[in-house]
Amino acid sequence: MLDTMMQTRPERFLTPSTSGYGVVEQPLSAWEKLSGNGAVRKAVLLVVLAVVWEIYARWLNNSLVFPTFTATMAALWQGVVSGRIPTAAAASLKVLLQGYALGLIFAGLLTALASATRIGADLLETLTSMFNPLPSIALLPLAMIWFGFGDGSIIFVLVHAVLWAVALNTHSGFRGVSPTWRMVGRNYGLSQPAYVFRILIPGAFPSILTGLKIGW
């Protein structure tokens, strides 16, 4: 009986059959190519939204409350051709860049003071906790009283929006610089400006970029 169980099973050779199998790869149809293109899908969505806009505006029939899409595009084109929109956009960008630049300067001064002295760090933390949670737009009425109706009030609001975010992130990045890097800078005998530009700023660069992004 043991000999019977230990007998080798006879080998069988099967010929593989290819009948009944579908095509593994087949060319995509034109519809599948278009539907698989993200740019085409987004363009179709924009067209659908424009059609819905036009239909609703014509049904509402009140150009003051909700103008049609065609009227809006015509007004946009006239504003661009006449130069009014580019001029207004350039003026807005000029004020924006002025406020952003002043905010970066003040943030750099506060951060330098906070990095140099402990009193400066306490001052930055106190001012940040006081003014950072305050929305910038809430200061606009007060800025109008102080600086009048002009670019001064807008720049003041922009500086408030940029200053605390950039200063807080930069200071946090400086505090998070590796102690090994700090010791290397001290061992090399770097001066305070060289220590900031060669050790602190490269080490805190990700946090600085985050602050610049939030401020912008």
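The model is predicted: local features need pLDDT of at least 70, side-chain atom pairs count only at pLDDT 80 or more, and totals for chains, interfaces and linings use all residues. Residues are numbered from 1 along each chain as its sequence is written, and side-chain values use heavy atoms, with hydrogens and water left out.

A nonpolar core is a set of buried Ala, Val, Leu, Ile, Met, Phe, Trp, Tyr and Cys residues joined through side-chain atoms within 4.5 Å; buried means under 20% relative accessible area (1.4 Å probe, protein chains only). The largest such core has 11 residues, among them Tyr-100, Leu-110, Trp-164 and Ala-167. At least two of its residues come from each of helix 5 (84–116), helix 6 (118–131) and helix 8 (151–175), where helices are DSSP runs (H or I, at least four residues) numbered from the N terminus. Helix 8 gives the most, with 5 residues.

Helix 5 and helix 8 also meet as a pair: their axes come within 7 Å and cross at roughly 40°. Axes are lines fitted to C-alpha atoms over the stretch in contact, and angles run from 0 to 180 degrees between N-to-C directions.

Helix 10 (residues 192–203) and helix 11 (residues 205–215) have axes that come within 5 Å and cross at roughly 65°. Helix 10 is therefore roughly perpendicular to helix 11, a term covering angles of 65 to 115 degrees. Their contact (heavy atoms within 4.5 Å) joins Ile-201, Pro-202 and Gly-203 of helix 10 with Phe-205, Pro-206 and Ile-208 of helix 11.

Technical notes
Buried means under 20% relative accessible area, exposed over 50%, partly exposed in between (1.4 Å probe, protein chains only). Angles under 35 degrees count as roughly parallel, over 145 as roughly antiparallel, 65 to 115 as roughly perpendicular and the rest as oblique.
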